[in-house]
Amino acid sequence: MDQDRSTDLIPFDIDLTVEEARRRAEVMAALGPHWDPVEVIRGEDEAYALLYSGLDAEQQRTYDELVAAGVLPGEGPGRAAH
């Protein structure tokens, strides 16, 4: 008996909207009321500037090549980590 098994399948749907809302609420609760995303980004910018400061000529050349090749983000908008 060759029977098409796909007709035996039962639809199975899960709506994760409520679970996603709960997860996001838990993340925000864990971050606490004093979490400031603007301050976090400012701190990341300062750390990035410090990381690549004080390079010697060869290091700066290598850094510039990596930025030009798209391996490292350059300065300015859109420099968020990937």
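The 15 residues of α1 should span 21 Å at 1.5 Å a residue, and the end C-alpha atoms of α1 are 21 Å apart, which agrees. The expected span here is 1.5 Å times one less than the number of residues in the helix. Helix α1 covers residues 17–31. Just after α1, G32 takes a positive phi of about 90 degrees.

Some ground rules on the source: this is a predicted model, where local features need pLDDT of at least 70 and side-chain atom pairs count only at pLDDT 80 or more, while totals for chains, interfaces and linings use all residues. Residues are numbered from 1 along each chain as its sequence is written, and side-chain values use heavy atoms, with hydrogens and water left out.

Now the chain as a whole. Its secondary structure comes to 3 helices and 0 strands, in the order α-α-α from the N terminus. Helices (H or I, at least four residues) and strands (E, at least two) are DSSP runs, numbered from the N terminus. Of the 82 residues, 5% count as buried. Buried means under 20% relative accessible area, exposed means over 50%, and partly exposed is in between, with a 1.4 Å probe and protein chains only. The chain exposes about 7,600 Å², and carbon and sulfur atoms supply 60% of that. These areas come from the Shrake-Rupley method with a 1.4 Å probe; for residues, only the protein chains shown count as cover.

Next, salt bridges. Side chains of opposite charge can pair when their charged atoms come close. The criterion is a side-chain nitrogen of Lys or Arg within 4 Å of a carboxyl oxygen of Asp or Glu. How many does a search of the whole structure find? It finds 5 salt bridges.

In helix α1, R22 and E19 are 3 residues apart, about one helical turn, and their side chains meet at 2.6 Å, N to O. R22 is partly exposed at 42% relative accessible area, and E19 is partly exposed at 40%. Also in α1, E20 and R23 are 3 residues apart, again about one helical turn, and their salt bridge has an N to O distance of 2.7 Å. E20 has a relative accessible area of 29% and R23 has 41% relative accessibility. E20, R23 and R24 are linked in a network of salt bridges.

In helix α2, E39 and R42 lie 3 residues apart, about one turn of the helix. Their side chains form a salt bridge at 2.6 Å, N to O. E39 is partly exposed, with a relative accessible area of 41%, and R42 counts as partly exposed at 41% relative accessibility.

V27, M28, L31, W35 and V40 make a nonpolar patch of about 410 Å². Patches are made of residues with over 30% relative accessible area and no salt bridge; like charges are joined within 9 Å, and nonpolar side chains (Val, Leu, Ile, Met, Phe, Trp, Tyr) within 5 Å. Which helix gives the most to the nonpolar patch? Helix α1 does, with 3 residues. W35 is found in the loop between α1 and α2, the latter being residues 37–51. W35 is partly exposed, at 37% relative accessible area.

Now the aromatics. A pair of aromatic rings is described by the distance of the centres and the angle of the planes. Rings of Phe, Tyr and Trp (its six-membered ring) pair if their centres lie within 6.5 Å; planes under 30 degrees apart count as stacked, over 60 as edge-to-face and the rest as tilted. The whole structure has 2 aromatic pairs. In one of them, the rings of Y52 and Y63 have centres 4.7 Å apart and planes at 40 degrees, so the pair is tilted. Y52 lies in the loop between α2 and α3 and Y63 in helix α3, so the pair ties together parts that are 11 residues apart in sequence. Y48, Y52 and Y63 form one aromatic cluster.

Last, helix α3, residues 57–68. Its 12 residues should span 16 Å at 1.5 Å a residue, and the end C-alpha atoms of α3 are 16 Å apart, which agrees. D56 caps the N-terminal end of α3, with a side-chain oxygen 3.1 Å from the backbone nitrogen of E58. A polar contact is a pair of N or O atoms within 3.5 Å; within protein, one must be able to donate a hydrogen and the other to accept it, and residues adjacent in sequence count only if both atoms are side-chain atoms. Just after α3, G70 takes a positive phi of about 85 degrees.
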